[in-house]
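Have a look at the picture first.

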Amino acid sequence: MKIIGIGNAIVDVLCKVDEQFLAKNNLIKSTMKLVGEKEFQNLISNLKIEKTIAGGSVANSIVGLSQLNNEVSFIGKVNDDKLGIEYEKSLTSENVKYCYKRRKENIPTGTCLILITPDSERTMCTFLGIAGKITPSDIDEKSIKESGLVFLEGYLWDEGEPKAAFDKAISLSNKSAMSLSDKFCVDRHKKNFYELVKNKLDITFANEQEILELTSGKTFEDVIEFGKELNKLLVITRSEKGSVAIKGSEVIECESKKNLKIVDLTGAGDLFAGGFLHGYINNMPLKKSLEEGTNLASKIIQKIGARLN
């Protein structure tokens with residue numbers, strides 16, 4: 001197995017909304033808000049559902065890797081309920097090995113409402129359900145040891161016992177990578193994330209907002225200096241400014257693709273990470289890996305949802 005992902009197993013529900021819907025429900029555009037089951041049901045009750053699909057940030061990256069013919073697997077916690085069964089089917093149909101055994105839980109499978117505004121930005125309201133309750137006993141030791149790299153999801157820190165589960169996965173892994181997930185997620189877990197990035201992870205994925213939040217940097221030059229001192233692989237996406245990989249004194253830049261017909265930014269960062277890791281695990285140079293990430297991200301933002309096919 002080349003890569004195993006560990007993340008929130010979330011069923012994505014995609015809906016188109018206008019700006020007024022966000023304002024009326026006190027939602028901040030382009031962010032992820034954690035909601036309870038009742039608030040989730042209130043939000044979705046008046047919306048037309050465009051699409052439902054097995055999602056979660058790292059799961060999206062893993063499916064992207066599978067679609068590029070890499071051997072991949074995923075650990076994510078679901079209930080043995082209707083959505084949990086559908087989630088597993090959706091992943092396995094994409095040739096992803098699912099390394100978690102469903103069981104009956106008191107909490108339902110997690111769901112994420114993805115609200116797409118006319119400018120193609122996505123605002124997420126996530127009811128984590130059982131997904132965030134991952135514990136060390138949920139980590140499949142054999143699968144981790146047999147994988148070349150474990151890819152972890154920052155969002156998992158929002159509930160449950162993620163620290164112990166992450167520590168176990170990292171200690172068993174041959175190499176470890178993590179996505180910082182979201183600016184507010186970084187703000188909530190800044191101390192823990194900083195410790196992971198500095199002392200435990202081999203590769204960190206972040207967008208410009210997230211890495212500035214983590215490092216308390218004022219400018220992107222501050223981030224470059226942090227990356228050089230870190231002396232590990234730091235991969236940063238910068239929207240229309242492209243992407244950057246920093247490893248020691250090496251700073252490699254890649255331009256974004258121009259003149260794209262952007263439909264939905266859901267999964268752009270996830271698919272970028274998938275494309276980059278495709279290059280990385282297949283021993284491509286860092287520049288080529290950035291290009292692979294850019295290529296996948298540019299494809300996904302021209303369609304609804306986070307699946308290439």
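Among contacts between residues at least 6 apart in sequence, what percentage join residues at least 24 apart? In this protein the share is 74%, where contact means heavy atoms within 4.5 Å. Before going on, note that this is a predicted model, in which local features need pLDDT of at least 70, side-chain atom pairs count only at pLDDT 80 or more, and totals for chains, interfaces and linings use all residues. Residues are numbered from 1 along each chain as its sequence is written, and side-chain values use heavy atoms, with hydrogens and water left out.

Now for the overall build. The protein has 12 helices and 14 strands; these are DSSP runs numbered from the N terminus, with helices (H or I) of at least four residues and strands (E) of at least two. Along its principal axes, the C-alpha trace spans about 50 × 45 × 35 Å. Of the 309 residues, 57% are buried, meaning under 20% relative accessible area with a 1.4 Å probe, counting protein chains only.

Next, find helix α3 (residues 57-67) and helix α11 (residues 268-281), whose axes come within 8 Å and cross at roughly 45°. The axes are lines fitted to C-alpha atoms over the stretch in contact, and angles run from 0 to 180 degrees between N-to-C directions. From α3, the contact includes Ser 57, Asn 60 and Gly 64; from α11, Leu 271, Gly 274 and His 278 are among the residues taking part.

Technical notes. Buried < 20%, exposed > 50% of the residue type's maximum accessible area, 1.4 Å probe, protein only.
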